[in-house]
Amino acid sequence: MNQQQFEENKEQIKRCKNWLDIAKSDFEAAKNLYEHKNYPQAVFSLQQSVEKTIKSYGIFIGIKESDLKNKFKHDTLKIYEQHLNEFLEKSKGFSETLKAHPELKNIPMLNKLDYDNLVVELNDTKEEFKEIKYNAEDITKTTRKIESCINKVIKLFENEQDSIKKLSEIKLSERQFNKLKKFILNNLNEISKLKKQELPELKEIDKLTPDYFEKLIQETFSYLVKVFSVYIALFYLNLVVYNKISSTRYPENKTPQQIYTINSPIIKKFIDIQKIHKYCFIKIESILNEQEKLTKKYQNEQTTYNT
């Protein structure tokens with residue numbers, strides 16, 4: 001990571017936080033409107049808050065801010081759709097690259113990956129997603145379906161804590177350490193051959209210790225678990241408030257006041273939805289702060305290494 005990448009990373013985190021601040025403002029508006037029984041506007045503000053939270057996270061996972069404003073607009077499910085499509089295309093491309101360059105399979109890490117099978121699974125997921133998106137508006141028609149989304153998020157975060165706890169208990173035996181070290185060394189050697197130059201990392205491999213690997217595994221995978229959990233939690237939160245802009249603001253067959261009453265499923269579960277949303281705020285802020293610390297740490301290590 002060079003200086004320009006460091007600066008781009010800092011700016012990305014700043015933009016994420018800016019979007020998150022606006023989302024929090026909408027969140028507070030939704031809370032106040034709900035307390036004053038202005039239910040249509042409460043749902044509208046809640047939808048706006050969830051939308052901006054997802055856009056904040058969208059920037060974090062690499063989606064262009066201009067696309068969020070101009071391409072996706074209010075349809076935040078498209079963010080997930082595009083992300084899935086991009087991952088699918090990258091997997092297809094990687095699968096074709098492996099077929100065209102069999103020598104890449106000498107790299108142990110790549111030899112163990114079945115990209116053809118991954119492409120099949122991603123195509124299946126893509127079809128499932130289309131069905132979910134098509135039926136998204138039905139979710140808020142019953143309290144049971146909203147509760148199902150909320151419970152999935154609760155379960156998701158419970159599993160996250162279990163996974164992180166298990167990661168914190170990882171201890172490498174000497175045999176495991178040597179096997180992992182050899183695995184990394186083999187990968188670096190094969191990459192060096194392909195690049196036809198020695199990688200600087202090869203000189204540092206003997207300095208690595210079991211404690212270093214344990215910490216690296218714990219920190220890296222714990223971080224990835226947190227990022228993935230929030231990504232999926234926001235997906236379910238999005239389903240609960242999906243496509244609520246028109247019905248909360250404009251009269252159609254019914255006025256917004258007739259649609260959103262104290263007996264409406266989304267109003268009955270409003271407080272529970274906000275609790276989940278508030279927890280997502282906390283998790284995202286934690287991830288962004290962690291990313292900032294990792295960037296600074298890596299920048300300092302890079303400066304030390306270069307000197």
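**Exercise 1. Determine how far helix H2 is enclosed by the rest of the structure.**

Solution. Begin with the assignment, in which helices (H or I, at least four residues) and strands (E, at least two) are DSSP runs, numbered from the N terminus. Next apply the burial classes, where buried means under 20% relative accessible area, exposed over 50%, and partly exposed in between, with a 1.4 Å probe and protein chains only. Because 21 of the 22 residues of H2 are buried, the helix is largely enclosed by the rest of the structure. One of the residues of H2 is Ser56, which counts as buried at 1% relative accessibility. With contact taken as heavy atoms within 4.5 Å, Ser56 touches Cys16, Trp19 and Leu20, if residues up to four places away in sequence are not counted.

The model is a predicted one, in which local features need pLDDT of at least 70 and side-chain atom pairs count only at pLDDT 80 or more, while totals for chains, interfaces and linings use all residues. Residues are numbered from 1 along each chain as its sequence is written, and side-chain values use heavy atoms, with hydrogens and water left out.

**Exercise 2. Find which residues touch the most other members of the largest nonpolar core.**

Solution. A nonpolar core is a set of buried Ala, Val, Leu, Ile, Met, Phe, Trp, Tyr and Cys residues joined through side-chain atoms within 4.5 Å. The largest such core has 59 residues, of which Tyr57, Phe60, Leu234, Leu239, Ile266 and Ile273 touch the most other members. Helix H10 (residues 210–241) supplies the largest share of this core, 12 residues. For Tyr57, once neighbours within four places in sequence are left aside, the contacts are Lys226, Val227, Val230, Tyr231, Leu234, Ile284 and Ile287.

**Exercise 3. Locate Ile150 and list its contacts beyond four places in sequence.**

Solution. Ile150 is placed in helix H7 and, at 9% relative accessibility, counts as buried. Its contacts, without residues up to four places away in sequence, are Lys269, Asp272, Ile273 and Ile276. Ile150 and Ala233 are 83 residues apart in sequence, while their C-alpha atoms are 8.8 Å apart in space.

**Exercise 4. Identify the loops that hold Lys73 and Asn243, and state the phi of each residue.**

Solution. Most residues other than glycine have a negative phi. Lys73, in the loop between helix H3 (65–72) and H4, has a positive phi near 50 degrees. Asn243, in the loop between H10 and helix H11 (245–249), has a positive phi near 60 degrees. With a relative accessible area of 42%, Asn243 is partly exposed.
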